[in-house]
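Dear colleague,

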Amino acid sequence: MELGLDNQFKIDPRTKIILLVIISFMVFNEAPLYVSGILVLVPFICLFFSDYKKAAIIYIFLYVIARYIQIYLLPNTTGIVSILLVTFSYTASRMLPIFVMGYYTITSTKVSEFIASMEKSNVPKEIIIPISVIFRYIPSVYEEIKSITNAMKMRGFGFTTKSLKSPLKLIEFYMVPILISAVKTSDELSAASLTRGLSNPEKRTHLIDAEFNKWDYILLIVSIIGLGIYSYYFIGGVVLA
Amino acid sequence: MSERFAVKDLITVGIFSVIMIVLIFAFGMLGYIPILMIGLPIIAALICGIPFMLFLTRVNKFGMVTLMGLILGIVMFLSGHTWIPIVVFTLCALIADIILKMGDYSSVKNSIIAHGVFILGVFGNMLPFFILRDYFLGAIAESMGNDYVNVISPFLTYECLIVLVILTFIVGCISAYVGKLVLKKHFEKAGIA
């Protein structure tokens with residue numbers, strides 16, 4: 001990439017959400033590769049030009065394998081292998097693009113960025129605050145689960161066959177500490193946000209300016225062209241038939 | 001609208017949504033085993049009872065449960081489950097909210113039924129799969145003949161979907177009752193329920 005620093009690949013959260021909506025149309029219909037190809041490439045582009053090159057390559061690799069199986073291997077196989085292959089290839093070729101796009105949206109968006117761009121497009125506070133709490137709290141839930149597992153191992157109740165024999169106990173032992181700490185966190189977070197004036201009805205100001213840059217426009221235009229081809233393929237087919 | 005919820009309520013909704021999401025995703029991994037995928041809503045209903053009952057102890061306004069459904073739907077959407085969960089989750093949560101309102105947010109019976117209704121929202125995640133099944137059946141019939149279709153199709157019909165919905169509702173009610181018991185055992189002693 002010889003694009004320089006001010007041309008950094010960085011897309012607005014709103015663009016990501018619009019792309020998600022467009023790609024989710026793909027799930028419902030089966031289409032040949034030359035029709036859905038552009039939409040399949042959009043998540044690849046997003047991942048590749050940010051810091052997820054490995055994920056991008058894995059994604060395109062899996063997709064190509066799924067397509068290959070679907071076109072060349074399926075007519076020649078029979079029996080249980082065939083059922084497995086059908087399940088894998090159809091799930092992968094339809095659901096993979098949207099799963100990958102969702103993964104990209106969640107991992108690459110910073111909370112403050114998200115809040116700034118949502119407030120700019122006048123999304124009500126009732127939706128912004130819980131979602132930003134979710135972005136903030138999911139990593140700490142994982143840490144808590146880890147430390148609960150460690151504590152249980154210390155008391156001789158880890159993930160062993162013995163503990164799996166009593167799954168109700170296992171669920172209870174995990175659930176109760178997580179819930180207690182969740183209740184505590186919710187109290188602490190609301191105290192912290194009150195001191196920072198989150199309940200202030202005035203309009204907030206932001207350090208980050210949420211503006212569409214040229215990457216946003218390029219991606220949006222590409223995906224709209226993709227959607228156009230895609231819907232033309234189906235609607236045109238219906239009219240011709 | 002913005003006058004109705006305090007910031008504290010919104011944060012409570014967010015935190016409990018996280019717990020629901022983590023539970024649903026963690027047990028959703030079981031769905032990679034093909035037969036269990038069909039039973040996924042039942043598993044979700046089984047485990048979400050405890051957090052939901054604890055959440056209800058902090059709910060006293062109309063709309064909080066609906067908001068939680070909407071948030072869960074949005075997160076499902078952002079993580080790649082298409083836009084269907086938003087509609088289904090919000091509708092189920094709205095009905096659950098109305099049931100709770102009729103019990104004035106304190107009736108045990110109403111909150112148990114409300115959990116049964118609320119958890120039906122998980123079907124929002126399943127519906128795309130059920131739509132995909134038609135394509136599966138067509139493809140399988142083309143490549144392997146009708147015998148295989150006869151084996152698999154009993155699990156894929158709309159009758160089966162209805163049975164699943166009813167089962168999920170029943171399991172949801174049972175797990176909400178269990179949740180109430182756990183609440184009594186652990187949380188009321190600790191003074192947070």
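**Findings: helix packing and annotated spans**

In this predicted model, the helices α4(B) and α10(B) cross in a right-handed manner.

On the α4(B) side, the contact involves Gly49(B), Ile50(B), Phe52(B), Met53(B) and Leu54(B). Their partners in α10(B) include Ser175(B), Ala176(B), Val178(B), Gly179(B) and Lys180(B), together with Val182(B), Leu183(B) and Phe187(B). By class, the residues of this contact comprise 9 nonpolar, 3 polar and 1 charged.

Turning to chain A, an unreviewed UniProt entry annotates residues 17-49, 56-74, 80-104 and 217-235 as "transmembrane region". Among these spans, residues 56-74 of chain A are 95% helix and 0% strand, with end C-alpha atoms 26 Å apart. Residues 217-235 of chain A are 100% helix and 0% strand, and the end C-alpha atoms of that span also lie 26 Å apart.

One residue of chain A may be noted individually. Pro97(A) is located in helix α4 of chain A, which covers residues 79-108. Pro97(A) counts as buried because 24 C-beta neighbours fall inside 10 Å. From Pro97(A) to Val133(A), the C-alpha to C-alpha distance is 27 Å, with the two residues 36 apart in sequence.

How values were computed: Residues are numbered from 1 along each chain as its sequence is written. Chains are lettered from A and ligands numbered from 1 in the order in which they are written. This is a predicted model: local features need pLDDT of at least 70, side-chain atom pairs count only at pLDDT 80 or more; totals for chains, interfaces and linings use all residues. A crossing is left-handed if the near helix is turned anticlockwise from the far one by less than a right angle, and right-handed if clockwise. Helices (H or I, at least four residues) and strands (E, at least two) are DSSP runs, numbered from the N terminus. Two residues are in contact if their C-beta atoms, placed from the backbone, lie within 7 Å. Ala, Val, Leu, Ile, Met, Phe, Trp, Tyr, Cys and Pro count as nonpolar, Asp, Glu, Lys and Arg as charged, and the others, Gly among them, as polar. UniProt positions are given in the numbering used here, feature names are shortened, and annotations may be inferred rather than shown by experiment. A residue is buried if 20 or more other C-beta atoms lie within 10 Å of its own, exposed if 12 or fewer, and partly exposed in between; C-beta atoms are placed from the backbone.
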